[in-house]
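Hi,

Here is the structure I promised to pass on. Have a look at it first, and then read my notes below.

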Amino acid sequence: KIGYSQNDKKLGGGFVADDKEVFTHVSADRHYWRVETKDVYTGKGWDVSDPGADLEELTNVKNQLNWTDERVETKSLEASISIDEGYRYLHVMYPLGLTSIETENNMSYFLNQNTEMITPFKENEGSRTDFMAYQVHYELPTYPINEMKKQQEFTDVPEGFIDRYTQLPESLPERVRELALQITEKENNQFDKAKAIENYLGSVEFSYETEDVAIPAGDQDYVDQFLFETFAGYCDNFSTSMVVLLRSLDIPARWVKGYTEGDFIK
């Protein structure tokens, strides 16, 4: 079914639409709601580099989830979230730039630093009735494009950052790397290269398809199949291809999972 899934190791295939409500938010802005990230592309789907990462108590969000540097302007926002009682997962949906989470009963929260998933229960010992509503404060960033076009060097990044977010399997077909170079050959900065890939994936050559979607067989690579054979798929196909093409150019990228802003009510 459409919706959140914990296992992304084997992507592909169609899905059945499911319009059940997940959560409602009262916000001053529309944006993506994050759940977690995955950093290891396997050729078939996504895995995590540290599956046994310990959960740490989220005591200082600004220090434990550092979103931007001093050059980035942000606007302070807040939102109230109500989770549908039928939603089975006990995680927090949160915006980029999160600075705090609050509940009426002052719950504790726990962070998986490897995936950036936040949960109110360290060992999933809670229940849906224990976690139905919360408020978030956040600093939503606005990135100056002229500055992004200037940035060509990665400085002051944690050890292993570049290797982690440019990882690709040795089995990745060479034509994927060649395509990334071809798409971006006229661009001279990372921002314009990323936009060129985005525009390529948004071209008429590709179609958004939810039912008749291929599953890679045998040694077939998931991204290679989409880019060179089927040209049809949904968010998993497009987003994974975007990340892999960027990584092919040594531009760090990762796969983020979550929810769109949803349907506007009033």
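At what angle do helix H4 and helix H5 pack, and how far apart are their axes? Helix H4 (residues 174-184) packs against helix H5 (residues 190-201) at about 105°, and the axes are 9 Å apart. The axes here are lines fitted to C-alpha atoms, for helices over the stretch in contact, with angles running from 0 to 180 degrees between N-to-C directions. H4 and H5 are therefore roughly perpendicular to each other (that label covers 65 to 115 degrees; under 35 is roughly parallel, over 145 roughly antiparallel, and the rest oblique).

On the H4 side, Leu 179, Ile 183 and Thr 184 make the contact, and on the H5 side Lys 193, Ala 196, Ile 197 and Tyr 200 do (contact means heavy atoms within 4.5 Å). Sorted by class, this contact has five nonpolar residues, one polar and one charged. Ala, Val, Leu, Ile, Met, Phe, Trp, Tyr, Cys and Pro count as nonpolar, Asp, Glu, Lys and Arg as charged, and the others, Gly among them, as polar.

Before you go further: this is a predicted model, where local features need pLDDT of at least 70 and side-chain atom pairs count only at pLDDT 80 or more, while totals for chains, interfaces and linings use all residues. Residues are numbered from 1 along each chain as its sequence is written, and side-chain values use heavy atoms, with hydrogens and water left out.

Now the whole chain. There are seven helices and 13 strands, taken as DSSP runs numbered from the N terminus (helices are H or I, at least four residues; strands are E, at least two). Along its principal axes the C-alpha trace spans about 55 × 45 × 40 Å. Of the 266 residues, 44% count as buried (under 20% relative accessible area; exposed is over 50%, partly exposed in between, with a 1.4 Å probe and protein chains only). Take the contacts between residues at least 6 apart in sequence: 79% of them join residues at least 24 apart.

Most residues other than glycine have a negative phi. Asn 106, however, has a positive phi near 50°, and Glu 116 has one of about 65°. Asn 106 sits in the loop between strand E7 (98-102) and strand E8 (110-112), and Glu 116 in the loop between E8 and strand E9 (117-119). Asn 106 is exposed, at 66% relative accessible area, whereas Glu 116 is buried, at 11%.

Cheers
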